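Student: Could you take me through one part of this model closely? After that, please link that part to the rest.

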Amino acid sequence: MSIVVYGAGYVGLVAAACFAEVGHDVLAVDLSEERLKSLAAGRVPFVEPGLDALVARGVASGRLRFSGNPESAAAHGTIHMLAVGTPSATDGSTDESQLIAAAHAIGRGAQGDVIVVLKSTAPVGAAERVIDEVRHELSLRNSGFQAEVVVNPEFLRAGTSVKDFLEPDRVVVGGENQSAIATVASLYTPFTPAERIFRMDLASAALVKYAANAMLATRISFMNELANLAEQLGADIAEVQRGIGADPRIGSSYLQPGMGYGGSCLPKDVASLIAVGEAAGATMGVIRAAAEANSLQAHRITEKLERHLGDLAGRTIAVWGLAFKGGTDDLRDAPSHTLISDLVESGSSVRAYDPAAGEAARRLYADEGDVTIVPSLLAALEGADALAIAADWPEFRSLPLSDISRALGERLVVDGRNLFSPEDASAAGLTYAAVGRGEN
Ligand SMILES: NC(=O)c1ccc[n+]([C@@H]2O[C@H](COP(=O)([O-])OP(=O)(O)OC[C@H]3O[C@@H](n4cnc5c(N)ncnc54)[C@H](O)[C@@H]3O)[C@@H](O)[C@H]2O)c1
């Protein structure tokens with residue numbers, strides 16, 4: 001099938017490359033010159049394991065091509081998949097302008113009937129607004145072409161997105177037109193059995209995505225709150241996690257306490273769900289509490305540093321991990337921002353390292369004189385009084401704890417990701433403040 005994917009970002013490029021891999025003719029279109037330049041040079045413009053090889057194979061086969069012009073790209077196919085950004089507006093609701101701009105281009109450029117597939121995360125009602133825009137533009141041209149819309153939310157996770165796309169837990173396809181639903185469902189049959197492709201109405205399909213992210217956010221906030229309580233009570237959150245995770249009604253994933261959720265999805269999707277709920281007259285008390293707990297969690301790292309070191313003015317703090325989690329270079333809404341802002345505000349200097357996000361972080365903190373982005377774990381520790389860990393990269397465990405201890409002036413590690421055992425850290429001479437366990 002001929003597919004146009006609008007937005008060659010973390011979601012769109014993965015989808016485009018995976019559909020090309022199974023034989024479809026895919027044109028991925030983006031407006032970012034930087035991303036297009038990188039793709040033209042054969043480089044994936046962000047870090048995503050396995051994606052380089054997949055994109056290279058797609059391009060070599062001729063089944064994956066790129067364009068910088070949405071309107072002319074719209075002539076390419078029947079399936080028009082929207083994977084553009086849906087950021088938060090200032091009031092927390094979803095800014096749908098990128099969706100509408102892409103819909104406009106489809107309506108102006110399509111050369112036949114179209115099925116518009118909403119893969120971007122967008123609230124209930126956005127699909128109708130998108131297809132109205134497409135139909136309006138088609139009618140202005142007196143084209144006579146038919147346009148249908150299907151909501152097909154994406155559940156992939158940054159860092160494992162290729163695997164998640166090729167082996168999805170489930171695929172959700174929502175719509176009103178059964179033939180359009182069947183066509184979109186058929187795209188996924190190489191990846192998953194038919195019974196894992198859930199067909200539903202438009203509103204339910206849109207709400208599934210928000211419900212999934214709100215549930216994950218709530219679990220994270222719940223565990224963070226319990227971890228904070230465990231610190232007060234002298235309990236070990238790792239044991240609590242083990243104890244409840246074995247219950248099949250609860251399950252063990254997303255029970256890891258830390259610095260709070262971040263990234264390009266959970267914060268904005270939670271805010272959007274709250275805004276949608278409020279507009280519909282719903283209280284949204286549970287998810288609102290989860291968001292509030294999350295907004296406090298990353299500040300706790302600086303509070304712990306202050307508890308051990310006193311006034312942080314003039315101190316040097318090493319920070320390991322800047323991306324919102326290990327395995328990605330995505331800095332969007334990363335808890336490390338809160339940590340670094342707190343540290344700078346307290347008057348300390350920051351030496352930060354991230355295995356993948358260093359370059360992007362250098363640009364982000366270019367005007368921040370007290371923040372130096374360094375190229376290695378050890379370089380971050382040079383001249384530092386203490387270490388704060390803000391993302392969970394496996395590489396962080398590669399340095400012996402005794403080396404960390406020797407390098408730090410105050411031999412203090414505040415670990416926002418619980419990477420080490422408190423006993424090992426203490427044996428290496430470190431004061432080790434983790435989340436919900438050990439000393440604090
Ligand atoms: N990143 C994730 O892990 C993830 C997971 C599930 C769902 N989502 C959702 O998928 C959507 C995309 O997320 P992302 O992380 O890939 O975003 P992204 O910012 O990485 O990519 C979006 C791309 O769309 C391009 N774009 C904007 N307007 C365009 C237009 N009119 N035509 C063509 N391209 C255009 C931008 O230049 C950008 O490169 C969002 O709605 C997001 O909530 C993201």
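**A close look at Leu 377 and beyond**

Tutor: Start with contacts. Setting aside residues up to four places away in sequence, Leu 377 touches Trp 320, Tyr 353, Phe 396 and Leu 399. Keep in mind that this is a predicted model. Leu 377 lies in helix H16, residues 377-381. Is Leu 377 buried or exposed? Leu 377 counts as buried, because it has 20 C-beta neighbours inside 10 Å and 20 or more is the cut-off for buried. Leu 377 and Leu 399 are 22 residues apart along the chain, and their C-alpha atoms are separated by 8.1 Å.

Next, the nonpolar core. The largest one has 139 residues. Which members touch the most others? They are Val 5, Ala 16, Val 116, Val 319, Leu 387 and Ala 388. Helix H9, residues 202-233, gives the largest share of this core, with 11 residues. Look at Val 319. Its contacts include Ser 336, Leu 339, Ile 340 and Val 350, not counting residues up to four places away in sequence. Ala 352, Ala 380, Ala 388 and Ala 390 also touch Val 319.

In H10, Ile 237, Ala 238 and Gln 241 are buried. Look down the axis of H10: these buried residues fall within an arc of 105 degrees, so they line one face of the helix. An α-helix has 3.6 residues a turn, so residues three or four places apart point the same way. The face of H10 turned away from the buried side carries exposed residues: Glu 239, Arg 242 and Gly 243. H9 is among the elements that cover the buried residues of H10.

Just after H3 comes Gly 62, with a positive phi of about 85 degrees.

Now helix H5, residues 97-109. H5 has 13 residues. From first C-alpha to last, H5 reaches 18 Å, close to the 18 Å expected at 1.5 Å a residue. Its buried residues are Leu 99, Ala 102, Ala 103, Ala 105, Ile 106, Gly 107 and Gly 109. What do they pack against? The partners are strands E1 (2-6), E4 (79-82) and E5 (114-118), along with helices H4 (70-73) and H6 (126-140).

H5 also takes us to the ligand. H5 gives the most to the shell around the ligand, with three residues. How many residues surround the ligand? There are 27, and the closest are Gly 7, Gly 9, Val 11, Ser 120 and Thr 121. By class, the shell has 14 nonpolar, 10 polar and three charged residues.

Finish with a lysine. Lys 268 sits in helix H11, residues 266-279. Lys 268 is buried, with 22 other C-beta atoms within 10 Å. Lys 268 touches Pro 87 and Ser 88, not counting residues up to four places away in sequence. Lys 268 and Thr 94 are 174 residues apart along the chain, yet their C-alpha atoms are separated by 7.9 Å.

Note on methods. Residues are numbered from 1 along each chain as its sequence is written. This is a predicted model: local features need pLDDT of at least 70, side-chain atom pairs count only at pLDDT 80 or more; totals for chains, interfaces and linings use all residues. A nonpolar core is a set of buried Ala, Val, Leu, Ile, Met, Phe, Trp, Tyr and Cys residues joined through C-beta atoms within 7 Å. A residue is buried if 20 or more other C-beta atoms lie within 10 Å of its own, exposed if 12 or fewer, and partly exposed in between; C-beta atoms are placed from the backbone. Helices (H or I, at least four residues) and strands (E, at least two) are DSSP runs, numbered from the N terminus. Two residues are in contact if their C-beta atoms, placed from the backbone, lie within 7 Å. The arc is that of the directions from the helix axis to the C-beta atoms. The expected span of a helix is 1.5 Å times one less than its number of residues. A residue is near a molecule or strand if its C-beta atom, placed from the backbone, lies within 6 Å of it. Ala, Val, Leu, Ile, Met, Phe, Trp, Tyr, Cys and Pro count as nonpolar, Asp, Glu, Lys and Arg as charged, and the others, Gly among them, as polar.
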